[in-house]
Amino acid sequence: MKLVVVGDSLLDVDVLGTAERLCPDAPAPVLDVREERARPGGAGLAAALAAADGVDVTLVSAVADDEDGQRLRDELAAVPSVLGPSSVPTPVKTRLRCGDQSIARLDRGGGPGAPPHATDDMLDAVLEADCVLVSDYGRGLLRDERLRGVLARRPVVWDPHPRGPDPVPGARLVTPNASEAKRFSGHDDPMDALEALRARWRARAVVVTLGADGALLHGGGTPVAVPAPRVPVVDPCGAGDRFAATVAARLMAGAAMDDAVADGVTSAAEFLRHGGASGFRPVDTLSTVDAVRARGGVVVATGGCFDLLHAGHVRTLRAARALGDCLVVCLNSDASVRRLKGPDRPVTREQDRVEVLRALGCVDDVIVFEDDTPERALAALRPDVWVKGGDYTVESLPEADLVAGWGGRTVVVPYHRGRSTTEMLSRRG
(Lines give C-alpha, C1' and ligand atoms only; values in the text may rest on other atoms or scores of the structure.)
Protein backbone atom coordinates (compact mmCIF):
# COMPACT_ATOMS: atom_id res chain seq x y z
CA MET A 1 0.00 0.00 0.00
CA LYS A 2 1.15 3.50 -0.83
CA LEU A 3 1.49 6.37 1.65
CA VAL A 4 1.95 9.81 0.11
CA VAL A 5 3.30 12.63 2.27
CA VAL A 6 2.26 16.06 0.95
CA GLY A 7 3.51 19.36 2.28
CA ASP A 8 6.31 21.82 2.84
CA SER A 9 9.86 20.48 3.00
CA LEU A 10 12.68 22.27 4.79
CA LEU A 11 16.42 21.73 5.17
CA ASP A 12 17.56 21.18 8.75
CA VAL A 13 21.24 21.53 9.59
CA ASP A 14 22.93 20.67 12.89
CA VAL A 15 26.29 22.32 13.52
CA LEU A 16 27.90 20.23 16.27
CA GLY A 17 30.81 21.26 18.45
CA THR A 18 32.09 22.08 21.91
CA ALA A 19 31.64 25.31 23.83
CA GLU A 20 34.22 25.73 26.59
CA ARG A 21 34.94 29.46 26.44
CA LEU A 22 33.28 32.83 25.94
CA CYS A 23 33.88 35.46 23.29
CA PRO A 24 36.42 38.03 24.53
CA ASP A 25 34.17 40.87 23.37
CA ALA A 26 30.76 39.60 24.56
CA PRO A 27 29.25 37.14 27.07
CA ALA A 28 28.50 34.62 24.32
CA PRO A 29 29.77 31.04 24.03
CA VAL A 30 32.27 30.14 21.32
CA LEU A 31 31.28 26.98 19.45
CA ASP A 32 34.30 25.06 18.19
CA VAL A 33 32.73 23.26 15.24
CA ARG A 34 33.41 19.56 14.97
CA GLU A 35 30.82 18.40 12.44
CA GLU A 36 27.88 19.56 10.33
CA ARG A 37 24.92 17.30 9.55
CA ALA A 38 22.05 18.02 7.19
CA ARG A 39 18.71 16.26 7.00
CA PRO A 40 15.26 16.87 5.53
CA GLY A 41 12.78 18.73 7.69
CA GLY A 42 9.03 19.30 7.57
CA ALA A 43 7.23 17.01 5.13
CA GLY A 44 10.64 15.71 4.03
CA LEU A 45 11.34 14.47 7.55
CA ALA A 46 7.92 12.81 7.82
CA ALA A 47 8.51 10.98 4.52
CA ALA A 48 12.04 9.97 5.52
CA LEU A 49 10.75 8.59 8.82
CA ALA A 50 8.11 6.53 7.01
CA ALA A 51 10.73 5.26 4.54
CA ALA A 52 12.98 4.24 7.43
CA ASP A 53 10.05 2.21 8.80
CA GLY A 54 9.86 0.29 5.52
CA VAL A 55 6.65 2.00 4.37
CA ASP A 56 6.09 2.37 0.62
CA VAL A 57 6.08 6.17 0.66
CA THR A 58 6.28 9.01 -1.85
CA LEU A 59 6.97 12.62 -0.92
CA VAL A 60 5.07 15.33 -2.80
CA SER A 61 6.52 18.77 -2.18
CA ALA A 62 7.81 21.97 -3.80
CA VAL A 63 11.51 22.80 -3.64
CA ALA A 64 13.32 25.86 -4.99
CA ASP A 65 16.04 25.55 -7.61
CA ASP A 66 18.76 26.99 -5.38
CA GLU A 67 21.85 25.66 -3.61
CA ASP A 68 19.95 24.80 -0.43
CA GLY A 69 17.23 23.17 -2.52
CA GLN A 70 19.81 20.96 -4.19
CA ARG A 71 21.20 20.01 -0.82
CA LEU A 72 17.69 19.14 0.34
CA ARG A 73 17.18 17.00 -2.76
CA ASP A 74 20.44 15.21 -2.00
CA GLU A 75 19.23 14.46 1.53
CA LEU A 76 15.99 13.09 0.06
CA ALA A 77 17.75 10.92 -2.53
CA ALA A 78 16.61 7.70 -0.87
CA VAL A 79 12.96 8.81 -0.59
CA PRO A 80 10.83 8.49 -3.76
CA SER A 81 9.71 12.05 -4.43
CA VAL A 82 7.72 14.21 -6.79
CA LEU A 83 9.15 17.70 -6.30
CA GLY A 84 7.52 20.64 -7.99
CA PRO A 85 9.07 24.11 -8.38
CA SER A 86 9.06 26.90 -5.82
CA SER A 87 9.89 30.55 -6.37
CA VAL A 88 10.70 31.09 -2.68
CA PRO A 89 14.23 30.33 -1.40
CA THR A 90 14.50 27.00 0.38
CA PRO A 91 13.81 27.39 4.14
CA VAL A 92 16.83 26.36 6.21
CA LYS A 93 16.92 25.93 9.98
CA THR A 94 20.45 25.68 11.35
CA ARG A 95 20.88 24.64 14.98
CA LEU A 96 24.15 25.28 16.82
CA ARG A 97 24.51 22.35 19.18
CA CYS A 98 26.83 21.59 22.05
CA GLY A 99 26.51 18.11 23.47
CA ASP A 100 22.81 17.30 23.19
CA GLN A 101 21.67 20.90 23.59
CA SER A 102 20.87 23.58 21.03
CA ILE A 103 22.43 26.91 22.02
CA ALA A 104 21.05 28.92 19.08
CA ARG A 105 19.08 28.54 15.86
CA LEU A 106 19.63 30.44 12.62
CA ASP A 107 16.81 30.60 10.07
CA ARG A 108 17.07 31.68 6.46
CA GLY A 109 15.10 31.25 3.25
CA GLY A 110 11.35 31.22 2.96
CA GLY A 111 10.10 34.79 3.09
CA PRO A 112 7.89 36.63 0.62
CA GLY A 113 7.09 35.25 -2.78
CA ALA A 114 4.37 33.53 -4.74
CA PRO A 115 3.17 30.36 -2.99
CA PRO A 116 3.98 27.12 -4.82
CA HIS A 117 1.39 25.41 -6.97
CA ALA A 118 0.84 21.70 -7.48
CA THR A 119 1.92 20.31 -10.84
CA ASP A 120 0.04 17.60 -12.71
CA ASP A 121 2.67 15.05 -11.64
CA MET A 122 2.17 16.01 -8.00
CA LEU A 123 -1.59 15.62 -8.30
CA ASP A 124 -1.22 12.25 -10.04
CA ALA A 125 1.00 11.01 -7.21
CA VAL A 126 -1.59 12.00 -4.60
CA LEU A 127 -4.36 10.26 -6.52
CA GLU A 128 -2.36 7.00 -6.39
CA ALA A 129 -2.19 7.07 -2.57
CA ASP A 130 -3.97 4.60 -0.32
CA CYS A 131 -3.50 7.17 2.44
CA VAL A 132 -2.18 10.75 2.46
CA LEU A 133 -0.30 12.45 5.28
CA VAL A 134 -0.52 16.23 4.94
CA SER A 135 2.46 17.84 6.64
CA ASP A 136 1.68 21.56 6.54
CA TYR A 137 4.43 23.98 7.60
CA GLY A 138 2.56 27.09 6.50
CA ARG A 139 4.55 27.72 3.31
CA GLY A 140 1.51 27.87 1.03
CA LEU A 141 1.42 24.60 -0.93
CA LEU A 142 -1.69 23.37 0.90
CA ARG A 143 -3.65 26.43 -0.28
CA ASP A 144 -3.50 25.23 -3.89
CA GLU A 145 -7.12 24.65 -4.89
CA ARG A 146 -6.41 21.81 -7.33
CA LEU A 147 -4.40 20.01 -4.67
CA ARG A 148 -7.14 20.50 -2.09
CA GLY A 149 -9.66 19.08 -4.53
CA VAL A 150 -7.58 15.94 -4.96
CA LEU A 151 -6.95 15.61 -1.22
CA ALA A 152 -10.69 15.69 -0.57
CA ARG A 153 -10.92 12.43 -2.55
CA ARG A 154 -8.33 10.48 -0.53
CA PRO A 155 -8.14 9.22 3.08
CA VAL A 156 -6.18 12.00 4.80
CA VAL A 157 -4.28 12.45 8.05
CA TRP A 158 -3.70 16.21 8.36
CA ASP A 159 -0.92 17.69 10.52
CA PRO A 160 -1.92 21.38 10.55
CA HIS A 161 0.05 24.60 10.99
CA PRO A 162 -1.17 27.93 12.43
CA ARG A 163 -0.15 29.75 9.22
CA GLY A 164 -1.76 27.15 7.00
CA PRO A 165 -5.33 26.62 5.77
CA ASP A 166 -7.98 24.50 7.44
CA PRO A 167 -7.88 20.79 6.61
CA VAL A 168 -10.12 19.66 3.78
CA PRO A 169 -13.57 18.62 5.10
CA GLY A 170 -13.89 14.93 5.88
CA ALA A 171 -10.28 14.37 6.89
CA ARG A 172 -9.91 11.03 8.59
CA LEU A 173 -7.78 12.51 11.39
CA VAL A 174 -6.36 15.96 12.20
CA THR A 175 -3.38 16.11 14.59
CA PRO A 176 -2.76 19.54 16.19
CA ASN A 177 -0.54 19.86 19.24
CA ALA A 178 -1.86 21.57 22.37
CA SER A 179 -0.74 25.10 21.49
CA GLU A 180 -2.08 24.76 17.95
CA ALA A 181 -5.41 23.43 19.23
CA LYS A 182 -5.72 26.41 21.58
CA ARG A 183 -4.91 28.83 18.78
CA PHE A 184 -7.28 27.21 16.30
CA SER A 185 -10.20 26.84 18.73
CA GLY A 186 -9.79 29.61 21.30
CA HIS A 187 -10.20 27.06 24.13
CA ASP A 188 -7.54 26.63 26.81
CA ASP A 189 -8.77 23.16 27.76
CA PRO A 190 -7.76 20.54 25.15
CA MET A 191 -10.97 18.63 25.86
CA ASP A 192 -13.06 21.63 24.87
CA ALA A 193 -10.82 22.24 21.85
CA LEU A 194 -11.42 18.71 20.58
CA GLU A 195 -15.15 19.08 20.08
CA ALA A 196 -14.87 22.61 18.67
CA LEU A 197 -12.21 21.65 16.15
CA ARG A 198 -13.93 18.46 15.06
CA ALA A 199 -17.04 20.51 14.26
CA ARG A 200 -15.12 23.38 12.64
CA TRP A 201 -13.05 21.13 10.40
CA ARG A 202 -15.82 18.56 9.78
CA ALA A 203 -13.19 15.94 10.51
CA ARG A 204 -13.97 12.33 11.32
CA ALA A 205 -11.54 12.53 14.25
CA VAL A 206 -9.21 15.00 15.95
CA VAL A 207 -6.29 14.15 18.21
CA VAL A 208 -4.53 16.76 20.32
CA THR A 209 -0.96 15.78 21.18
CA LEU A 210 0.14 16.81 24.67
CA GLY A 211 3.86 16.05 24.74
CA ALA A 212 4.81 14.10 27.85
CA ASP A 213 1.11 13.78 28.73
CA GLY A 214 0.31 11.75 25.64
CA ALA A 215 -2.70 12.61 23.50
CA LEU A 216 -6.47 13.14 23.56
CA LEU A 217 -8.50 11.55 20.75
CA HIS A 218 -12.07 12.41 19.82
CA GLY A 219 -13.79 10.56 17.01
CA GLY A 220 -17.35 10.80 18.29
CA GLY A 221 -18.64 9.56 21.62
CA THR A 222 -16.34 9.74 24.62
CA PRO A 223 -12.84 11.17 24.05
CA VAL A 224 -9.97 8.77 24.66
CA ALA A 225 -6.88 9.71 26.69
CA VAL A 226 -3.70 8.01 25.48
CA PRO A 227 -0.81 8.15 28.00
CA ALA A 228 2.81 8.50 26.89
CA PRO A 229 5.82 6.54 28.17
CA ARG A 230 8.08 8.62 30.36
CA VAL A 231 11.32 9.36 28.55
CA PRO A 232 14.03 11.99 28.98
CA VAL A 233 13.53 14.74 26.41
CA VAL A 234 16.39 17.02 25.44
CA ASP A 235 15.16 18.19 22.04
CA PRO A 236 11.48 17.71 21.03
CA CYS A 237 12.15 18.65 17.38
CA GLY A 238 10.47 16.23 14.97
CA ALA A 239 8.22 14.48 17.49
CA GLY A 240 5.07 15.68 15.73
CA ASP A 241 6.29 14.35 12.40
CA ARG A 242 7.19 11.03 14.02
CA PHE A 243 3.72 10.78 15.58
CA ALA A 244 1.86 11.69 12.38
CA ALA A 245 3.92 9.39 10.14
CA THR A 246 3.30 6.42 12.45
CA VAL A 247 -0.43 7.08 12.78
CA ALA A 248 -0.89 7.49 9.02
CA ALA A 249 0.98 4.27 8.26
CA ARG A 250 -0.95 2.31 10.89
CA LEU A 251 -4.32 3.59 9.68
CA MET A 252 -3.35 2.72 6.11
CA ALA A 253 -2.57 -0.81 7.29
CA GLY A 254 -6.08 -1.14 8.78
CA ALA A 255 -5.50 -0.34 12.46
CA ALA A 256 -8.31 1.06 14.57
CA MET A 257 -8.06 4.79 15.27
CA ASP A 258 -7.27 4.46 18.99
CA ASP A 259 -4.66 1.76 18.33
CA ALA A 260 -3.00 3.88 15.64
CA VAL A 261 -2.85 6.90 17.97
CA ALA A 262 -1.44 4.79 20.80
CA ASP A 263 1.27 3.49 18.46
CA GLY A 264 1.98 7.05 17.36
CA VAL A 265 2.44 8.23 20.95
CA THR A 266 4.80 5.33 21.72
CA SER A 267 6.72 5.88 18.50
CA ALA A 268 7.18 9.59 19.25
CA ALA A 269 8.43 8.79 22.76
CA GLU A 270 10.99 6.31 21.44
CA PHE A 271 12.04 8.82 18.80
CA LEU A 272 12.75 11.39 21.52
CA ARG A 273 14.50 8.80 23.68
CA HIS A 274 17.02 8.39 20.85
CA GLY A 275 17.65 12.09 20.39
CA GLY A 276 14.71 13.23 18.24
CA ALA A 277 15.37 14.67 14.82
CA SER A 278 19.04 15.25 15.65
CA GLY A 279 19.47 11.56 16.36
CA PHE A 280 17.65 10.40 13.24
CA ARG A 281 19.58 9.20 10.22
CA PRO A 282 17.52 9.01 7.02
CA VAL A 283 17.52 5.89 4.91
CA ASP A 284 20.70 6.29 2.88
CA THR A 285 21.29 4.85 -0.57
CA LEU A 286 24.95 4.65 0.40
CA SER A 287 24.18 2.11 3.14
CA THR A 288 24.21 -0.66 0.53
CA VAL A 289 27.48 0.73 -0.76
CA ASP A 290 28.96 0.91 2.74
CA ALA A 291 28.06 -2.72 3.40
CA VAL A 292 29.74 -3.82 0.17
CA ARG A 293 32.84 -1.77 0.91
CA ALA A 294 33.01 -3.08 4.47
CA ARG A 295 33.51 -6.57 3.12
CA GLY A 296 36.00 -5.44 0.47
CA GLY A 297 33.57 -5.58 -2.45
CA VAL A 298 33.40 -3.55 -5.65
CA VAL A 299 30.81 -0.80 -6.07
CA VAL A 300 29.54 -0.28 -9.62
CA ALA A 301 27.43 2.62 -10.85
CA THR A 302 25.80 3.49 -14.13
CA GLY A 303 23.52 6.30 -15.20
CA GLY A 304 20.95 7.50 -17.67
CA CYS A 305 17.33 8.46 -18.25
CA PHE A 306 15.90 4.91 -18.60
CA ASP A 307 12.71 6.44 -19.94
CA LEU A 308 11.12 3.43 -21.65
CA LEU A 309 12.91 0.41 -20.25
CA HIS A 310 13.87 -1.98 -23.04
CA ALA A 311 16.13 -4.95 -23.71
CA GLY A 312 19.12 -2.72 -24.40
CA HIS A 313 18.79 -1.18 -20.96
CA VAL A 314 18.45 -4.56 -19.27
CA ARG A 315 21.53 -5.95 -21.05
CA THR A 316 23.55 -2.89 -20.05
CA LEU A 317 22.44 -3.15 -16.42
CA ARG A 318 23.24 -6.85 -16.25
CA ALA A 319 26.65 -6.26 -17.78
CA ALA A 320 27.34 -3.50 -15.29
CA ARG A 321 26.25 -5.60 -12.30
CA ALA A 322 28.57 -8.40 -13.41
CA LEU A 323 31.55 -6.07 -12.93
CA GLY A 324 31.17 -5.82 -9.14
CA ASP A 325 29.23 -6.62 -6.00
CA CYS A 326 26.47 -4.02 -6.13
CA LEU A 327 24.99 -1.73 -8.78
CA VAL A 328 23.66 1.76 -8.14
CA VAL A 329 21.81 3.52 -10.97
CA CYS A 330 22.18 7.32 -11.17
CA LEU A 331 18.88 8.36 -12.75
CA ASN A 332 18.12 11.69 -14.43
CA SER A 333 15.16 13.44 -12.78
CA ASP A 334 12.12 14.43 -14.84
CA ALA A 335 13.38 18.02 -15.08
CA SER A 336 16.82 16.82 -16.16
CA VAL A 337 15.32 14.59 -18.87
CA ARG A 338 13.24 17.47 -20.21
CA ARG A 339 16.31 19.65 -20.53
CA LEU A 340 18.24 16.89 -22.29
CA LYS A 341 15.53 15.33 -24.46
CA GLY A 342 12.92 18.05 -25.01
CA PRO A 343 9.53 19.04 -23.59
CA ASP A 344 7.80 15.78 -24.60
CA ARG A 345 10.11 13.66 -22.46
CA PRO A 346 10.20 11.75 -20.25
CA VAL A 347 7.42 9.43 -21.35
CA THR A 348 7.62 7.64 -18.01
CA ARG A 349 7.72 9.86 -14.94
CA GLU A 350 10.48 9.74 -12.37
CA GLN A 351 8.84 7.76 -9.59
CA ASP A 352 7.72 5.03 -12.01
CA ARG A 353 11.20 4.80 -13.54
CA VAL A 354 12.66 4.41 -10.05
CA GLU A 355 10.13 1.71 -9.17
CA VAL A 356 10.81 -0.29 -12.32
CA LEU A 357 14.59 -0.09 -11.94
CA ARG A 358 14.49 -1.13 -8.29
CA ALA A 359 12.37 -4.14 -9.25
CA LEU A 360 15.20 -5.51 -11.41
CA GLY A 361 17.31 -8.15 -9.72
CA CYS A 362 20.53 -6.66 -11.11
CA VAL A 363 19.90 -3.21 -9.57
CA ASP A 364 20.70 -2.70 -5.89
CA ASP A 365 19.69 0.95 -5.59
CA VAL A 366 18.73 4.11 -7.48
CA ILE A 367 19.86 7.70 -6.92
CA VAL A 368 17.88 10.46 -8.67
CA PHE A 369 19.90 13.54 -9.66
CA GLU A 370 18.62 16.92 -10.85
CA ASP A 371 21.66 18.13 -12.82
CA ASP A 372 22.25 17.62 -16.54
CA THR A 373 25.24 15.40 -15.79
CA PRO A 374 25.87 12.92 -12.96
CA GLU A 375 29.13 14.40 -11.63
CA ARG A 376 27.74 15.53 -8.26
CA ALA A 377 25.96 12.23 -7.69
CA LEU A 378 29.16 10.37 -8.57
CA ALA A 379 31.23 12.54 -6.24
CA ALA A 380 28.91 11.58 -3.36
CA LEU A 381 28.82 7.89 -4.31
CA ARG A 382 32.50 7.43 -5.37
CA PRO A 383 31.99 4.10 -7.17
CA ASP A 384 34.89 1.80 -7.96
CA VAL A 385 33.56 1.28 -11.48
CA TRP A 386 31.50 3.69 -13.62
CA VAL A 387 29.74 2.01 -16.53
CA LYS A 388 28.28 3.55 -19.67
CA GLY A 389 26.45 1.71 -22.39
CA GLY A 390 26.33 2.97 -25.95
CA ASP A 391 28.64 4.23 -28.65
CA TYR A 392 30.95 6.11 -26.29
CA THR A 393 34.65 5.85 -25.68
CA VAL A 394 36.16 6.31 -22.27
CA GLU A 395 38.03 9.35 -23.57
CA SER A 396 34.78 11.04 -24.64
CA LEU A 397 33.15 10.80 -21.20
CA PRO A 398 33.74 13.92 -19.08
CA GLU A 399 33.07 12.03 -15.85
CA ALA A 400 35.94 9.59 -16.53
CA ASP A 401 38.54 11.97 -15.08
CA LEU A 402 36.37 12.54 -12.01
CA VAL A 403 36.08 8.80 -11.36
CA ALA A 404 39.81 8.33 -11.90
CA GLY A 405 40.44 10.97 -9.24
CA TRP A 406 39.54 8.56 -6.42
CA GLY A 407 41.10 5.54 -8.11
CA GLY A 408 37.99 4.33 -9.92
CA ARG A 409 37.79 3.23 -13.52
CA THR A 410 35.33 3.83 -16.33
CA VAL A 411 34.08 0.97 -18.49
CA VAL A 412 32.01 1.08 -21.69
CA VAL A 413 29.80 -1.96 -22.32
CA PRO A 414 28.48 -2.95 -25.78
CA TYR A 415 25.90 -0.81 -27.54
CA HIS A 416 22.79 -2.71 -28.72
CA ARG A 417 21.77 -1.19 -32.04
CA GLY A 418 18.09 -0.75 -32.74
CA ARG A 419 17.25 -0.71 -29.07
CA SER A 420 16.87 2.82 -27.74
CA THR A 421 13.98 4.88 -26.37
CA THR A 422 14.36 7.47 -29.12
CA GLU A 423 14.18 4.84 -31.86
CA MET A 424 11.18 3.17 -30.21
CA LEU A 425 9.32 6.50 -30.10
CA SER A 426 10.22 7.36 -33.70
CA ARG A 427 8.89 4.01 -34.92
CA ARG A 428 5.69 4.53 -32.94
CA GLY A 429 5.24 7.94 -34.58
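Strand E1 (residues 2-7) and strand E4 (residues 56-64) pair in the parallel sense over five bridges, where strands and helices are DSSP runs numbered from the N terminus, a strand having at least two residues (E) and a helix at least four (H or I), and where pairing requires that DSSP finds at least two bridges between two strands. This is a predicted model, in which local features need pLDDT of at least 70 and side-chain atom pairs count only at pLDDT 80 or more, while totals for chains, interfaces and linings use all residues. Residues are numbered from 1 along each chain as its sequence is written, and side-chain values use heavy atoms, with hydrogens and water left out.

- Eight of the nine residues of E4 are buried, which leaves the strand mostly covered; buried stands for under 20% relative accessible area, exposed for over 50% and partly exposed for values in between, with a 1.4 Å probe and protein chains only.

**Nonpolar cores**

- The largest nonpolar core holds 52 residues, of which Leu-3, Val-5, Val-57, Leu-133, Leu-173 and Val-261 touch the most other members; such a core is a set of buried Ala, Val, Leu, Ile, Met, Phe, Trp, Tyr and Cys residues joined through side-chain atoms within 4.5 Å.
- Helix H7 (residues 239-252) gives the most to this core, contributing nine residues.
- Apart from this core lies another one, of 32 residues, including Leu-123, Ala-129, Leu-147 and Val-150.
- When neighbours within four places in sequence are left aside, Leu-133 is in contact (heavy atoms within 4.5 Å) with Leu-3, Val-4, Val-5, Val-6, Ala-46, Val-157, Ala-244, Ala-245 and Ala-248.

**The four-stranded open sheet**

- Four strands form an open sheet of mixed pairing, in the order E3-E2-E6-E7.
- Strand E3 (29-42) and strand E7 (101-108) stand at the edges with a single partner strand each, so one side of each is left without a neighbour in the sheet.
- Neighbouring strands of this sheet are turned against each other by 20 degrees on average, direction ignored.
- Helix H1 (residues 43-52) packs on the sheet, where it touches strand E2 (9-22) and E3, and its direction makes about 75 degrees with that of E3; axes are lines fitted to C-alpha atoms, for helices over the stretch in contact, and angles run from 0 to 180 degrees between N-to-C directions.
- Strand E6 (residues 92-98) pairs with E7 in the antiparallel sense over seven bridges, and Thr-94 stands opposite Leu-106 in E7.

**Strand E17 and its partners**

- Strand E17 (residues 385-389) is mostly covered, with four of its five residues buried.
- Three bridges join E17 to strand E14 (residues 299-304), the two running parallel, and Ala-301 stands opposite Trp-386 in E17.
- Strand E18 (residues 409-413) also runs parallel to E17 and is joined to E17 by five bridges, with Val-385 opposite Arg-409 in E18.

**Packing of H5 and H6**

- Helix H5 (residues 178-185) and helix H6 (residues 190-201) pack at an angle of about 60 degrees, with their axes 10 Å apart.
- The contact is made by Ala-181, Phe-184 and Ser-185 of H5 and by Ala-193, Ala-196, Leu-197, Arg-200 and Trp-201 of H6.

**Backbone geometry in loops**

- Most residues other than glycine have a negative phi, and most peptide bonds are trans.
- The peptide bond from Arg-345 to Pro-346 is cis, with omega near 5 degrees, and Pro-346 lies in the loop between helix H11 (334-341) and helix H12 (350-359).
- Phe-306, although not a glycine, has a positive phi of about 50 degrees; Phe-306 lies in the loop between E14 and helix H10 (311-321) and is buried, with a relative accessible area of 8%.
- Arg-382 has a phi near 50 degrees, likewise a positive value in a residue other than glycine; Arg-382 sits in the loop between helix H13 (375-381) and E17 and is partly exposed, with a relative accessible area of 43%.
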